[in-house]
Amino acid sequence: MESLPRIALPERFNVASELLEGAREADRGARTAFVCGDRSHSLAEVAELADRAGSAFAELGLELEQRIVLLCLDSIEFVASFLGAIGIGAVPVPLNTLWRPRDLVYALNDSRAKVLVVHRALWEPLAPLRDELPFLRHVLVVGEPADGTRAFEELLAGRGASPAPDPDPARARARAPLAPAPTRRDDPAFWLYSSGSTGAPKAAVHLQQDMIFCAELYARGVLGLRPDDVVLSAAKLFFAYGLGNSLTFPLRLGATSVLYPERATPEAMFELLAAHRATIFFGVPTLYAAMLQVPGAETRYDLSALRLCVSAGEALPSELYHRFRERFGVEILDGIGSTEALHIFISNRAGEVRPGASGRLVPGYEARILDDDGARVPPGEIGNLWIKGQSTAPGYFGQRAKSQSTMVGEWLNTGDKYAQDSEGFFHYAGRSDDMLKVGGIWVSPVEVENTLIQHDAVLEAAVVGQADGDELVKPKAFVVLKPGRFSSTALGEELQAFVKGRLAPYKYPRWVEFVAELPKTATGKIQRFKLRG
């Protein structure tokens, strides 16, 4: 099986320092690292911002291995906070900006974060729950501060000799850098939360070394990312996928990253691709399907600089691949990764795409396809996909049993069902559990079911995945009503709105089917597989 030699990193290693290496060199420091709105930020400016953030966090009392939560839109503030925290040996924990306040309270308390960096609009719904956050000491608001909070910008302005980060690369390079914490390559660097099968998020602990392996093995080895590339990612920085696309890869390989804090609509993506002459675009199948619905997009927007598109998060249907390539003349490289592995470990390659397949192993990773007893399955047969690679998390924080069942020695049990053909291509065949990927984001059917039964008309509910017209999976709810309640289109719409009002909007059932009863085992467990047919 093809693999690369293990990448050697020194024992003493800080990934923030590594990613910002060269910031004080004249040529590299002056290069544009990030573009957000009408502002461009050189690598030297980013390094200074990260130093300021790290110094500010340290003065607030944040120490080695203590957590700091980032509830931020994609912005230079996210980048500075993430790198600044790692630089002083603290552990940044990005959270999903689509989560409801109760989800955020869970993660803030689970992580025991002392500091929260948050955009003002995202703090407002969380503020009334401040008394439920016993570990939180400091709230730093990006934007106008609220009562009991501090302005993130003002805190940074107090660091160093000038009141603001210096946009002049030469002056920024001249400032003495903050000495990185004496971390080791196997020390925790950051956490990423992933949804569990019961809806409770679990934090994958990633190490100082992990980002470098993803950048070298996938971004350099598969994509051929280079300094003249301009990358745009629809997936946000709080996702493992987006963090690699928009931060790790461009910083490691010298490219420019376009950050977009708003919702990634098809029109917005087309406008950004054209305006910045982006060369690599990272999306998800649902977005590519929506982009195909934009009338005249192939003539309205100049995509002549675009050389590659990437898809992950859920399987890309072959029909979507063919339609997109025919219309825009660009290949989409489908692949599979995970929060636990940090980024993509199986991928198609430019010029070697197998539509409908996830691709072949990224060199540097190994795979096994096993049956439920742990034996290898014959080629072409479906089994459970296990992955081995240097970017995989060693475990989940505070969840020993789940860690032991998922991270087994050097191997990661992905929870995905796959088959591998004779040419080495991997073909997705569903999940080992009942989890759904909707728009590239995990959805727990149990969580949606538990929300539906809170409605006074619902007796029981079961949620499964169903393909829409573009062969993309969306939640479908089967609902048993209480005696005296009757099904109707209006009630179905009411239930959809009920879920939307209590969970992140992407989790609501796109279809509601009323049934007399649900299929169950003798012990009363819902047999969702019988509803998928």
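I take buried as under 20% relative accessible area, exposed as over 50% and partly exposed as in between, with a 1.4 Å probe and protein chains only. I am working on a predicted model, where local features need pLDDT of at least 70, side-chain atom pairs count only at pLDDT 80 or more, and totals for chains, interfaces and linings use all residues. Residues are numbered from 1 along each chain as its sequence is written, and side-chain values use heavy atoms, with hydrogens and water left out.

**Entry: Tyr 321**

I looked up Tyr 321 first. Its relative accessible area is 5%, so Tyr 321 is buried. Tyr 321 sits in helix α14 (residues 318-328). Helices here are DSSP runs of H or I with at least four residues, strands are runs of E with at least two, and both are numbered from the N terminus. For contacts I use heavy atoms within 4.5 Å. Leaving out residues up to four places away in sequence, Tyr 321 touches Leu 316, Glu 331, Ile 332, Val 353 and Pro 355. I also checked Leu 333: 12 residues separate it from Tyr 321 in sequence, and the C-alpha atoms are 8.9 Å apart.

Two strands pair if DSSP finds at least two bridges between them. Gly 335 has Ser 347 of β15 as its bridge partner. The hairpin of β14 and β15 has 6 residues between the strands, and Leu 342 takes a positive phi near 80 degrees there. β15 also pairs with strand β16 (residues 360-361), antiparallel, over 2 bridges. In that pairing Ser 347 has Arg 360 as its partner.

How many residues of strand β20 are buried? I find 7 of its 10 residues buried, so to list it plainly: β20 (residues 411-420) is mostly covered.

I then went through the pairings.

- β18 (residues 383-388) runs antiparallel to β20 and is joined to it by 5 bridges. Gly 383 stands opposite Tyr 418 of β20.
- β19 (residues 407-408) pairs with β20 in the antiparallel sense over 2 bridges. Val 408 stands opposite Trp 411. Their hairpin has 2 residues between the strands, and Gly 409 takes a positive phi near 65 degrees.
- β21 (residues 426-431) pairs with β20, again antiparallel, over 4 bridges. Asp 416 stands opposite Arg 431 of β21. Their hairpin has 5 residues between the strands, and Gly 424 in the turn has a positive phi of about 90 degrees.

**Entry: the parallel sheet**

I traced an open sheet of 5 strands with parallel pairing, in the order β4-β3-β5-β6-β7. Which strands are at the edges? β4 (91-94) and β7 (150-151) are, and each pairs on one side only. Inside the order, β5 (residues 115-119) and β6 (residues 138-142) pair in the parallel sense over 5 bridges. Leu 116 has Val 139 of β6 as its bridge partner.

**Entry: helix α5**

I checked burial along α5 (residues 101-111): Asp 103, Leu 104, Val 105, Ala 107, Leu 108, Asp 110 and Ser 111 are buried. The cover over these residues includes β3, β5, β8 (188-194) and α16 (445-452). Arg 112 follows α5 and has a positive phi, near 55 degrees.

**Entry: Leu 64**

Leu 64 lies in the loop between α3 (43-59) and β3 (67-71). Is Leu 64 buried or partly exposed? At 49% relative accessibility, Leu 64 counts as partly exposed. Not counting residues up to four places away in sequence, Leu 64 touches Ile 88, Gly 89, Ala 181 and Thr 183. Pro 188 is 124 residues from Leu 64 in sequence, yet the C-alpha atoms are 9.8 Å apart.

**Entry: α4 against α10**

Helix α4 (residues 76-87) packs on helix α10 (residues 240-253) at about 65 degrees, with axes 12 Å apart. The axes are lines fitted to C-alpha atoms, for helices over the stretch in contact, and angles run from 0 to 180 degrees between N-to-C directions. That makes α4 roughly perpendicular to α10, the class for 65 to 115 degrees. From α4 the contact uses Phe 78, Val 79, Phe 82 and Leu 83, and from α10 Leu 243, Leu 247 and Leu 251.

Key. Parallel < 35°, antiparallel > 145°, perpendicular 65-115°, else oblique.
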